[in-house]
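The sequence and structure are shown first.

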Amino acid sequence: MGLKAISDGKLAVLLCLGTRLEVQIQKGVSVSSAGSVQIHWYIMTSPFTDDATRRFFESHRFFGLEPDQFFFVHQRGVKKGGEGVGLSAHIEGYASCRSPSFSKELYLVFQKMVAKAPDGNGGVYSALKSSRLLEDMATRGIKYVDCYGVDNALVRVADPTFLGYFIDKGVASAAKVVRKAYPQEKVGVFVRRGKGGPLTVVEYSELDSSLASAINQQTGRLRFCWSNVCLHMFSLDFLNQVANGLEKDSIYHLAEKKIPSIHGHTMGLKLEQFIFDAFPYAPSTALFEVLREEEFAPVKNANGSNYDTPDSARLLVLRLHSRWVVAAGGFLTHSVPLYATGVEVSPLCSFAGENLEAICRGRTFHAPCEITF
């Protein structure tokens, strides 16, 4: 069912890049590695990352896809050329210095330029509306939109199994979830607001520590165990409803982050919108559990940090692909500990570990190496 919808051109892919440019550049290959299928990619960039992202795809010749399969959506925020976006009712990532009184003193990025940021990945809805790309999707016959964030090296772009599940359930929205690893893991969790209420996401910074540690006595698992890892599926009809309605009922989240200023980076408070803010408006939502080791390799911090770095995500990819090779009858040798290396399987060979027997059975591969078509 999912493959048929993809082959019929009914699926679009929506990538939310965010502002971590150094992460995006390293992971650009995974953005467009779904083979030769005719899927249209809609990529939301920020003012800080737009130029470099476009150049990256152009320099790599769009990884074998056609340039007209890519559409860049510009997120609202600071304009180029040193001119700040005017303060508006939407606030658009207003950054204030941190103080008990939430001071209204503003930081300056440059002289006469207020430090403001893009409005979070929840700004994708207004960006799609203002760019008229939702109308563009409709004219192309697109019915479903696969949305994901750039900060996951194991994302399965345009997953036909997930799409088939979504179509079969007949829902307006769906999300892949993984079980929370430990109570204080920095991931949002799905909750139901009241008896029979809508499914929504509570961000880790907004979840009380006692609730984060609460145990479901019947299952023995965490009461709130389904992690949101920004792997979402929406119907185009629902995206239209959200884009036209959410702006009038905006939700903002308070986040403490480093803010660039003329005095260097400093901690400050930002107001952001999140893409999961749309879930409470969906008439129906389905959750699809996947295995963490197969589909979640987060990149949240720079190399040198203790966890969720580009290096740690790379190792998770290599380990998964090594398991694929062994399952397909292959053998691995290595001159360094296997936990520190592995093999990478080109997406032109396999999407999720399938069809590798003809390539791997009876063969020995010396890690690290890449298995190509």
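## The Arg156 salt bridges

In this predicted model, Arg156 and Glu295 form a salt bridge through their side chains, with an N to O distance of 3.7 Å. The pair joins distant parts of the chain: Arg156 lies in the loop between S7 and H6, Glu295 lies in helix H9, and 139 residues separate them. Both Arg156 and Glu295 are buried; for Arg156 the relative accessible area is 16%, which is below the 20% limit for a buried residue.

Arg156 also meets Glu294 in a salt bridge, again at 3.7 Å from N to O. This second pair likewise links distant parts of the chain, 138 residues apart, with Glu294 in helix H9 (residues 292-295) and Arg156 in the loop between strand S7 (144-149) and helix H6 (160-169). Glu294 has a relative accessibility of 28% and therefore counts as partly exposed.

Because Asp159 sits in the loop between S7 and H6 while Lys176 belongs to strand S8 (residues 173-179), the pair ties together parts that are 17 residues apart in sequence. Asp159 is buried, with 5% relative accessible area, and Lys176 is buried at 2% relative accessibility.

How are these charged residues connected? Arg156, Asp159, Lys176, Glu294 and Glu295 are linked in a network of salt bridges. The count for the model comes to 11 salt bridges. In general, side chains of opposite charge can pair when their charged atoms come close.

In soluble globular proteins, nonpolar side chains tend to be buried together. The largest nonpolar core here has 35 residues, of which Tyr42, Val124, Tyr125, Leu128, Met137 and Val145 touch the most other members. Helix H8 (residues 236-245) gives the most to this core, contributing 5 residues.

Which residues does Val145 contact, leaving aside its neighbours within four places in sequence? Its contacts are Leu11, Ala12, Leu14, Met137, His232, Met233, Phe234, Leu236 and Leu239. Among them, Met137 is also one of the core residues that touch the most other members.

Notes: Residues numbered from 1 in each chain as written. Predicted model: local features only at pLDDT ≥ 70, side-chain atom pairs only at ≥ 80, totals over all residues. Heavy atoms only, no water. Salt bridge = Lys/Arg side-chain N within 4 Å of Asp/Glu carboxyl O. Helix = DSSP H or I, 4+ residues; strand = E, 2+ residues; numbered from the N terminus. Buried < 20%, exposed > 50% of the residue type's maximum accessible area, 1.4 Å probe, protein only. Core = buried A, V, L, I, M, F, W, Y, C linked by side-chain atoms within 4.5 Å. Contact = heavy atoms within 4.5 Å.
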